[in-house]
Amino acid sequence: MTQEKIIVLDFGGQYNQLVARRVRECNVYCEIYSYRTEIDKIKEMNPKGIILTGGPNSCYEEGAPTYSKELFELGIPVLGLCYGAQLMSHVLGGKVERAENREYGKTLTHFDTSSPVFKGVPADSIVWMSHFDYISKLAPGFKTIAKTDNCPAAAASFEEKGLYAIQFHPEVLHTEYGKEILFNFVRGICGCAGTWRMDSFVETTVKELRERIGNGKVLLALSGGVDSSVAAGLLSRAVGKQLTCVFVDHGLLRKNEGDEVEAVFGPKGSFDLNFIRVNAQERYYGKLVGVSEPEKKRKIIGEEFIRVFEEEAKKIGKVDFLAQGTIYPDVVESGLGGESAVIKSHHNVGGLPDYVDFKEIVEPLRNLFKDEVRRAGLELGLPEALVFRQPFPGPGLGIRIIGEVTAEKVTIVQDADYIYREEIAKAAEEWRKQENKTAADRPAWMPDQYFAALTNVRSVGVMGDERTYDYAVCLRAVKTIDFMTAEAAEIPFAVLQKVMSRIINEVRGVNRVFYDLTSKPPGTIEME
Ligand code: XMP
């Protein structure tokens, strides 16, 4: 891509992805690289600006992540944040020391508003601080442009050289004018025009895919999730029928979901591609007979997916490209993009499956964040219900059924879940009407993820005049930002009651409904 670009050099800070997002929110394209990236590579990329992130180390300690002085002499503006600010000062001849007290949290800061990086920022406002070390002596040529009661150099600059060292975190929302500060840097100081948009992403990517793929054949495993669906949309627009999508219905999808995927991507849908649906329900149920240990279930379902996909791929024969819906957080979490510790080894990244005969891998979403993937999906004309779909685990309902998975239990959990989703949607719609809100607004109680699971508990009940001995369904609903921690959502009691009575009346085999109040930790979001 020849578009203007900002490079974020990652020193292991926890907010590195956030920095990249904020830059993209300024309509400027941005990528994260490890601080180990060679200077020549940086020069080659010809960025309009460089941002150094925070990090957990002390820059004066031996072996701490560093960068050569040359970086600051390229004539490219550099913004150092937290550790990045300290490192810039340290490398350029200033002094960084351990402070007596850690400065942490929301902190009132006084700004020199004549500095171009603080244009439009009030003289006093709140920033987010998180540091032990501080810049005790500025590097030659630098001047102080912000301070707090505890931090004499909350920000410093060498304006003529385009160097800015900021001790706090403008990328964090707690910093009241953080967005403005980053905007001032990328759009003002770096002079970026701000032309990065989703429609231009779709257009350029389609063009690039066409050039790269030529007359080649492409194979994509389509799950019906957001990422693989958007990848399918892009590839279909680029190469049409040269793309084959294999959709494996493992019989553990939500109610009607298999048909919904087919409606969008199948022959009656609006995308130009070859769509193969494999109805492997019986095969999966067969493999799962007698298995109740959750990890074992996950393994069986995962392995069976590979087997089914492999068989289909064999029928197609040699393909030139295997496409994957890998997105940017997958790349970073796998430790391939930035410097942060490997959080999970993502199945999409790194290891290539060896069971399909292909020449190259293509990952058209590799540089996008989730919300950007969604915007690209809308741009491509994918239905909103698909684009804003809740997260759904690969092993599907297989891990929302405690104990052995059977076809009967799958139907119970599908039906209960469908009612639950329907009632939540109705209640949210009702709220919008009453409060005069738009379709994009959500009530405060609206969970970020919610579903029904089937417990392995059967108990006595009474229905009509008859004794029953049936299953208990568990409703789960959580509020979460990153899915790493979560709280139970406070769904209005009336809504829960309605769901309960509908499930008991409409779903055979259920006579009790529980609501799971457990937060994560100690619980997980899924109930397996
Ligand atoms: P837990 O249960 O670990 O779930 O708190 C956190 C988030 O991850 C989703 N999840 C998965 N997603 N494959 C996925 O793609 C999986 O195997 C898987 N397991 C859990 C879960 O739905 C929640 O959003």
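Which residues does R24 touch, not counting residues up to four places away in sequence?

Analyst: The model is predicted. Not counting residues up to four places away in sequence, R24 touches Y29, C30, W196, Y328, N367, L368, F369 and E372. Two of these residues also make polar contacts with the side chain of R24. The side chain of E372 is one partner, at 2.5 Å. For N367, the backbone oxygen lies 2.5 Å from a polar atom of the R24 side chain. R24 counts as buried because its relative accessibility is 4%, and the cut-off for buried is under 20%.

The setting of this residue in the chain is as follows. R24 belongs to helix α1, which spans residues 16-25. On its way from strand β1 to strand β2, the chain passes through α1, and this β-α-β crossover is right-handed. Strand β2 covers residues 29-34 and runs parallel to β1, with six bridges joining the two. Within this pairing, E31 of β2 is the bridge partner of I7.

Strand β1 also pairs with strand β3 (residues 49-52), again in the parallel sense, over four bridges. There, I7 stands opposite I50.

Strand β1 itself, residues 5-10, is mostly covered, with six of its six residues buried. The side chains may be sorted by direction: K5, I7 and L9 point one way from the strand, whereas I6, V8 and D10 point the other way. Residues on both sides are buried.

Technical notes
Residues numbered from 1 in each chain as written. Predicted model: local features only at pLDDT ≥ 70, side-chain atom pairs only at ≥ 80, totals over all residues. Heavy atoms only, no water. Buried < 20%, exposed > 50% of the residue type's maximum accessible area, 1.4 Å probe, protein only. Pairing = 2+ DSSP bridges. Right-handed = clockwise from strand over helix to strand, strands pointing away. Polar contact = N/O pair within 3.5 Å; in protein donor to acceptor, adjacent residues only side chain to side chain. Contact = heavy atoms within 4.5 Å.
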